[in-house]
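Here's a quick briefing to read alongside the model. Keep the structure open as you go, and look up each part when it comes up.

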Amino acid sequence: GIIKDLSDLEKLSVLGHGNGGTVYKVYHNSSRSFYALKVLRLNENDLGIRKPATLEAEILKRVDSPYIVRCHAVFENGYSNNNDGDKGGDIRFVMEYMEGGSLHDVLREHHRLPEEVICVLARRVLEGLGYLHGMNIVHRDIKPSNLLVNEKGEVKIADFGVSHVVEGRFEGNEYDAGTCAYMSPERIDPERWGGENADEFAGDVWSMGVVMLECLLGYFPLIGAGQRADWATLMCAICFGEKLEMPEKASPEFQNFVRRCLEKNWRKRATVLELLHHPFLTPKFRCS
Ligand code: ADP
Ligand code: MG
């Protein structure tokens with residue numbers, strides 16, 4: 001790899017905070033280019049983080065796809081030059097820098113996206129999921145803040161940390177911060193929806209459907225706009241909600257695409273392969 005030494009990286013700013021970690025924008029002096037550095041603290045007492053962090057490193061080392069945010073180097077526990085009095089050590093990922101931030105940031109700025117943009121986005125996410133599923137990797141945390149955009153406007157899948165379920169902490173329409181809002185019915189309520197033997201890949205398809213609908217609506221789609229929801233309300237909406245909020249102007253292709261993703265019964269839900277051939281993604285429609 002091009003990055004051999006962390007000391008050659010200069011921290012510039014914080015790009016994001018998340019579960020047990022911080023992502024920095026860094027400058028690599030030798031190559032004169034920018035990268036993103038994700039630092040996951042490994043606290044001895046916090047075994048809950050240790051395993052996913054190691055798994056995240058394993059996955060990132062293996063994946064190599066234009067639809068997945070590239071990881072150029074992983075430094076595990078190796079770097080102890082922090083003076084924070086922090087004994088736990090850490091794992092550091094040097095990743096390609098995605099200038100456009102996350103889809104969460106994009107939605108906050110533009111509120112909603114046109115179908116022409118959404119179908120390009122959907123195609124890329126599906127290609128990424130197809131690649132991951134082909135490697136037996138289930139992402140399990142597809143949501144706007146984990147889909148990153150580069151300066152060319154290309155979307156890529158990021159964040160392979162297994163999601164930690166944070167219950168009942170929803171503020172306004174900000175569903176996208178360590179929530180289960182994008183989780184499929186069979187993961188939320190395995191007993192009712194046959195989750196025990198569910199095809200885990202179907203969960204990623206569900207989440208992607210929620211994200212695509214959110215892009216067109218401009219707000220989290222499974223409960224009413226601006227409505228505050230506790231965990232129970234959200235769970236009911238995901239598992240039992242009958243009506244899908246759909247913009248009137250939405251094309252039939254888009255509507256069908258989203259309905260195929262948001263099929264509650266995972267056995268009937270579309271697969272990644274089926275969706276890649278869906279009319280919504282064909283050039284005949286307007287997705288080129
Ligand atoms: P977490 O596990 O804490 O959610 P993420 O990998 O999702 O960590 O990163 C958190 C946030 O940091 C992202 O939502 C995004 O805003 C920013 N970020 C992460 N990686 C990058 C990157 N490679 N380029 C630009 N911003 C990034
Ligand atoms: Mg994340």
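Arg32 sits in the loop that links strand E2 (21-28) to strand E3 (33-41). A note on names: helices (H or I, at least four residues) and strands (E, at least two) are DSSP runs, numbered from the N terminus. This is a predicted model, where local features need pLDDT of at least 70, side-chain atom pairs count only at pLDDT 80 or more, and totals for chains, interfaces and linings use all residues. Residues are numbered from 1 along each chain as its sequence is written, while chains are lettered from A and ligands numbered from 1 in the order in which they are written.

- Arg32 has a positive phi, near 50°, and it isn't a glycine.
- Most residues other than glycine have a negative phi.
- Arg32 counts as exposed, because it has 7 C-beta neighbours inside 10 Å. The cut-offs go like this: a residue is buried if 20 or more other C-beta atoms lie within 10 Å of its own, exposed if 12 or fewer, and partly exposed in between, with C-beta atoms placed from the backbone.
- His111 is in the loop between H2 and H3, and its phi is positive too, near 65°.
- His111 has 11 C-beta neighbours inside 10 Å, so His111 is exposed.

**The whole chain**

- The protein chain has eight helices and eight strands.
- Of its 288 residues, 37% are buried.
- Take the contacts between residues at least 6 apart in sequence: 64% of them join residues at least 24 apart. Here, two residues are in contact if their C-beta atoms, placed from the backbone, lie within 7 Å.

**Helix H2 and its buried face**

- Which residues of helix H2 (residues 103-110) are buried? They are Leu103, His104, Val106 and Leu107.
- Looking down the axis of H2, you'd see these buried residues fall within an arc of 160°, so they line one face of the helix. That arc is the one made by the directions from the helix axis to the C-beta atoms.
- The buried residues of H2 pack against strand E6 (101-102), strand E7 (147-149), strand E8 (155-157) and H5.

**Helix H5 and its partners**

- Two packed helices are described by the angle between their axes and the distance between the axes.
- The axes of helix H3 (residues 115-134) and helix H5 (residues 201-217) come within 11 Å and cross at roughly 165°. Axes are lines fitted to C-alpha atoms, for helices over the stretch in contact, and angles run from 0 to 180 degrees between N-to-C directions.
- H3 and H5 are therefore roughly antiparallel to each other. Angles under 35 degrees count as roughly parallel, over 145 as roughly antiparallel, 65 to 115 as roughly perpendicular and the rest as oblique.
- The H3 and H5 crossing is right-handed. A crossing is left-handed if the near helix is turned anticlockwise from the far one by less than a right angle, and right-handed if clockwise.
- On the H3 side, the contact includes Ile118, Leu121 and Val125, and on the H5 side it includes Phe201, Met208 and Met212.
- By class, this contact of H3 with H5 has 10 nonpolar, one polar and two charged residues. Ala, Val, Leu, Ile, Met, Phe, Trp, Tyr, Cys and Pro count as nonpolar, Asp, Glu, Lys and Arg as charged, and the others, Gly among them, as polar.
- H5 and helix H7 (residues 252-261) have axes that come within 8 Å and cross at roughly 145°, and that crossing is left-handed.
- Phe254, Val258 and Cys261 in H7 meet a set of H5 residues, among them Val205, Trp206 and Leu213.
- The contact of H5 with H7 has nine nonpolar, one polar and no charged residues.

**Single residues to look up**

- Is Met183 buried or exposed? Met183 is buried, because 23 other C-beta atoms lie within 10 Å.
- Met183 is in the loop between E8 and helix H4 (185-188).
- Setting aside neighbours within four places in sequence, Met183 is in contact with Ile188, Ser207 and Ile238.
- Phe240 belongs to helix H6 (residues 231-240) and is exposed, with 11 other C-beta atoms within 10 Å.
- Phe240 and Pro185 are 55 residues apart in sequence, yet 8.5 Å apart in space, C-alpha to C-alpha.
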